[in-house]
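Colleague: I would like to go through this model with you. Shall we take it one question at a time?

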Amino acid sequence: MTDVTAAAGAHGYFQAQARWRWLEIVFWLATLLPFVLTPSYLVLASQIAITALFALALDLILGYAGLISLGHAAFFGFGAYTAGLISKWGWGEPLSGLLLAGIAAALLGYATSFIIVRVSHLALIMITLGLCLLLHEAANRAGWLTGGDDGLQGVTMWRLFGRFEWDLYGYTAYAYSLAVLFVLFLLARRIIHSPFGLTLRGIRENAGRMQAVGAPTRRRLRVIYTISAAVAGVAGGVLAQTTQFVALETLSFQRSAEVLVILVLGGAGRLYGAIIGAVIFLIARDQFSGINPQFWYFWIGLLLVVVVTLLPNGILGGLAQLLAQQRRKKSS
Amino acid sequence: MNAVPASGPALRARGLSKNFGSLAVARNINLELPQGARYALIGPNGAGKTTLINLLTGTLQPAAGQIFIYDQEITALKPDARVKRGLVRTFQINTLFPNLTPLEAVALVICERRGDAPVWWRPLPHYRAAIDQAFDLLSKLMLDNVCHVPTRELAYGQQRLLEIALALATEPRVLLLDEPAAGVPREESGKLFNAISALPSDITVLFIEHDMDIVFRFATRIIVMVAGAILLEGSPEEVANNPQVREVYLGGKQHG
């Protein structure tokens, strides 16, 4: 009898992991608030949604599979240029353009994944960084195609679903960015609670042991790297479509580093860390750079040092720990 | 071609050799383990026992020689492909998943074995059979009451048991145990070996162990390695009475 209930506990454990919590539902409802509360900040809000999606892509490989990348902007920028060019060449339909941006980034991710899974640690950081620099310089040189340093001009989008104008206040832009973020968040959530997601965590924890229990670790890493590249590409695509412009900066080292900072601040390996990190980082930048634009990196540097020192699992990790302590106190 | 043949010895090695620089760590090693055997692999420190396991499981590539599982050659296969053929090992130093719970870790291995691991669209709770199996296995190894505790928080002895549980979850045909009781107090290592000897009799087991009481209690055959070569293979009596073994190994340095 006891065995039956204990085994039921084992099932309950996995069910509880995958279940939607009320806090999550509240969180997603709260993302609609900017429409009513701060309609003059919708442009910023869509920037946040796009950056959160980019950080979510990084979280899939860094937080879950343990692959560090300092060059993930390669896929973000590649997706942005793909979406931008498709529209510039005469096809301005947003959703199909975005799909193509994701596919293009996925192909680039798959091609590079063969090198990525062969290396680790410092070599991995250097190779991802190198690939990103390579692409940045190529886009800079190919001015006839990309507009070079001036960025890609002449991106014009058709109405969303043939109905919604891309208004100046960013109503459509934020609704679009938020919807894309939400859909891909659902996908990511699905992945991490699947057997494949558990395998990824196993590889992060101990790749050698994974091989010793029969897992083809490199193949698994190639799959998640490709998925992550696709998500990053879609994020870049949304940026290109909603701003109707692609800056060379989308491929820059700075953007790669920024998304890493955002994920570490928010907390890697917990999906929502990517979103929380993006919210804090971009709102802080908006506020601080209003005071003194030159000085703003001072504050972000300070925040990074404090968070990493005091909360090694990021802001969200710290909150989770606090909640667990409270619960333990209550139960004892 | 990949159908499971049941003929031939469970594990066979022919002429395995390997050098680290000028040091020969494996010299022309020949092995033949019949199905269901309980072999102990003994020898002084640095004799090449762990290296032999690394060679057999594919962590290291031999310079020469061949390895067979039930007459199927596996010399060129990667470690994970050898596991799929039934050749599985454990590690002398805990090689676990620190932030996963035992239940997650064992369920993960079972999903891998059943071919469910690439599935990303279906949530884990759907895999009821795999979770049940994981829980059963943990119960057999007395880990059911800690199955939700992160591995890093387990007692050392429990981690040693989990080390074996992960290997068993692959449903091995040949199990290579590298000092399964390393670091476990003597009174507990007996318990651990009781769990090992309770394994199904069709699983072939080779274990490295320094404690001679345990070796003579649980092994049906003993292989003695010295300086990268096999000195002798025989029954416990033969090994105990062999003057060469006494001189090189038992006489030289006391273990346990």
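Colleague: In which loop of chain B does B:Asp71 lie?
Modeller: Keep in mind that this is a predicted model. B:Asp71 has a positive phi of about 70°, although it is not a glycine. The residue sits in the loop between strand S4 (64-69) and strand S5 (72-73) of chain B.

Colleague: Where is B:Asn28 found?
Modeller: B:Asn28 is not a glycine either, yet it has a positive phi of about 45°. With 14 other C-beta atoms within 10 Å, B:Asn28 is partly exposed. Its place is in strand S2 (residues 23-33) of chain B.

Colleague: What is the strand order in the open sheet of chain B?
Modeller: Six strands form this sheet, and the pairing is mixed. The twist averages 20° from one strand to the next. The order is S6-S7-S8-S3-S9-S10.

Colleague: Which strands stand at the edges of that sheet?
Modeller: Look for strands with a single partner strand. One side of each is left without a neighbour in the sheet, because each pairs with one strand alone. The edge strands are S6 (87-89) and S10 (229-234) of chain B.

Colleague: In what sense do S6(B) and S7(B) pair, parallel or antiparallel?
Modeller: Strand S7 of chain B covers residues 174-178. The bridge partner of B:Val88 is B:Leu175 in S7(B), and B:Arg89 stands opposite B:Leu176. Three bridges join S6(B) and S7(B), and the sense is parallel.

Colleague: How many residues of S7(B) are buried?
Modeller: Take the two faces in turn. On one side, B:Val174, B:Leu176 and B:Asp178 are buried; on the other, B:Leu175 and B:Leu177 are buried. In S7(B), the buried residues number five of five.

Colleague: How many bridges pair S7(B) with S8(B)?
Modeller: B:Asp178 stands opposite B:Ile208 in S8(B). S7(B) and S8(B) run in the parallel sense, and the bridges between them number five.

Colleague: Which residue in S8(B) stands opposite B:Ala40?
Modeller: S3(B) and S8(B) pair in the parallel sense over four bridges. S3(B) is mostly covered, with four of its five residues buried. Opposite B:Ala40 stands B:Phe207.

Colleague: What is the bridge partner of B:Ile42 in S9(B)?
Modeller: S3(B) and S9(B) run parallel. Four bridges join them. The partner of B:Ile42 is B:Val224.

Colleague: How many helices are there in chain A?
Modeller: Chain A has zero strands. Its helices number 15.

Colleague: What is the radius of gyration of chain A?
Modeller: The globule rule gives 20 Å for 332 residues, and the value for chain A is close to that. Chain A is therefore as compact as a globular protein of that length. Its C-alpha atoms fill a box of roughly 70 × 45 × 45 Å along the principal axes. The radius of gyration is 21 Å.

Colleague: In chain A, what share of the contacts with a separation of 6 or more comes from residues 24 or more positions apart?
Modeller: Buried residues make up 47% of the 332 residues in chain A. For the contacts asked about, the share is 78%.

Colleague: Which helix supplies the largest share of the side of chain A that touches chain B?
Modeller: The contact takes 29 residues from chain A and 38 residues from chain B. Helix H1 (2-18), helix H9 (171-192) and helix H10 (195-212) of chain A each supply at least two residues of the chain A side. The largest share is 13 residues, and it comes from H10(A).

Colleague: How many charged residues does the side of chain A that touches chain B have?
Modeller: Sort that side by class. It has 14 nonpolar and 11 polar residues. The charged residues number four.

Colleague: What ipTM does the predictor give the complex?
Modeller: Chain B averages a pLDDT of 91, and 95% of the residues score at least 70. The complex has a pTM of 0.93. Its ipTM is 0.90.

Key. Residues numbered from 1 in each chain as written. Chains lettered and ligands numbered in written order. Predicted model: local features only at pLDDT ≥ 70, side-chain atom pairs only at ≥ 80, totals over all residues. Rg over C-alpha atoms; globule rule 2.2 N^0.38 Å. Buried ≥ 20, exposed ≤ 12 C-beta atoms within 10 Å, placed from the backbone. Contact = placed C-beta atoms within 7 Å. Pairing = 2+ DSSP bridges. Axes fitted to C-alpha atoms, helices over the stretch in contact; angles between N-to-C directions. Nonpolar A, V, L, I, M, F, W, Y, C, P; charged D, E, K, R; others polar. pLDDT = per-residue confidence, 0-100.
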